[in-house]
Amino acid sequence: MTLRQQVRKELEQAAQADYQAFQAKLLPGVEGILGVRLPKLREIAKRIAKNDAGIFLEQMQAACQKTELSHINVLPNEDSRQPEPIQGASYEEKMLYGLVIGYADMEAAQYRRWLDAFVPVIDNWGVCDSCCMTYQWMKKQPEYWWGYLQEWLFSDTEFGIRFAFVAMLGHFVDEVYLQRIFAVCGQVRHQGYYARMAQAWLVSMCFVKFPEETYVYLQQDQMDDFTHNKAIQKTCESYRVSNEWKVKIRGIKRARPRR
C-alpha cells in the first residue's frame, strides 16, 4: 500500500457525514468531499511534512495527472500490465497536497517546483485559501515570492489568479508592498467570480490595515465596478473597520450600470 493509499484510508476513517453535507453546501459543484475537518487535515499534513513530504508530494502529483488523463482511451498491448485502479483525488487529498507544501522544510526552488505542480490542481476556494495561508515562508524571501506570484496573477486562469491574490493578502499586506498591491489590482482583468472576489478581499484587507491609503486608492482605482463594490462590501463586513469609516466608504460605491 502506497503512502497516498494509507492517507486516503485515514481520511475515510476520519470523515463525518454531517460535516460532509455542510462542506458540500459551502462548496457547490466540488466533487469528492469526504467530510474531514480542517484541524485534522492540518494534523495529518504536519506529520507527512515532517516525515514523508517528498514521497507524498510525488504520489499526489502522479495521482492528479492520472486523474486528468483518465478520460483518454488507451489500447492495451500484450506486454502491458493491468494498472492499479486510480481513485480520483478527493477534496481533502488536494488540501493535503497544498498543506504539506506549506509545512515542509524546503529550499525556495523546491517550493516553487511543487507550487508549479499544485496550483493547476486547485479548483475551489477552500483548497486555495486554506493552503495559501500556510505559506509563511514567503515572508522570508518576499521579493522572490512577489515575483513568482506575478506569474500566476497574469496567467489568465481563475484559480491561479485567486492563488496569487490570497497569497498576497496573507503575506504581503504591509508598508513595503501596499502600493504594489494597488498597482496590480488595477491591472488584472478576469471575469472569473472567484478571482474577482479574492481581489476584492485583498483590497478589503488593505483597508483594515491601511484605511487612509486604501480609501484614497478606492476613490480612483481602475478595478471593474463589480470588484470595486465587492471590496467596499467586504470592508463594511469587517469587525476591524470602524462605523465611521464604513459610512464614509459606502459613499464611494459605484452605481450599477443600467440595462
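This is a predicted model: local features need pLDDT of at least 70, side-chain atom pairs count only at pLDDT 80 or more; totals for chains, interfaces and linings use all residues.

1. Leaving out residues up to four places away in sequence, T227 touches R196, Q199 and A200.

2. Next, have a look at helix 1. Its 12 residues (3-14) should span 16 Å at 1.5 Å a residue, and the end C-alpha atoms are 17 Å apart, which agrees. L3, R4, V7, R8 and L11 are buried in this helix. Viewed down the axis, the buried residues of helix 1 fall within an arc of 135°, so they line one face.

3. The structure holds 13 salt bridges. One of them joins E12 to R8, with the closest N and O atoms 3.1 Å apart. These two are four residues apart in helix 1, so about one helical turn separates them. E12 is partly exposed at 41% relative accessibility, whereas R8 is buried at 11%.

4. R113 and E58 also form a salt bridge, at 2.9 Å between the closest N and O atoms. R113 lies in helix 6 (residues 108-118) and E58 in helix 4 (residues 53-69), so the pair ties together parts 55 residues apart in sequence.

5. Helix 6 also contains R112, whose salt bridge with E151 has its closest N and O atoms 2.6 Å apart. E151 lies in helix 8 (residues 142-153), so this pair ties together parts 39 residues apart in sequence. Elsewhere, salt bridges with shared partners join R4, R8, E12 and E93 into one network.

Terms used:
Residues are numbered from 1 along each chain as its sequence is written. Side-chain values use heavy atoms; hydrogens and water are left out. The expected span of a helix is 1.5 Å times one less than its number of residues. Buried means under 20% relative accessible area, exposed over 50%, partly exposed in between (1.4 Å probe, protein chains only). The arc is that of the directions from the helix axis to the C-beta atoms. Contact means heavy atoms within 4.5 Å. A salt bridge is a side-chain nitrogen of Lys or Arg within 4 Å of a carboxyl oxygen of Asp or Glu.
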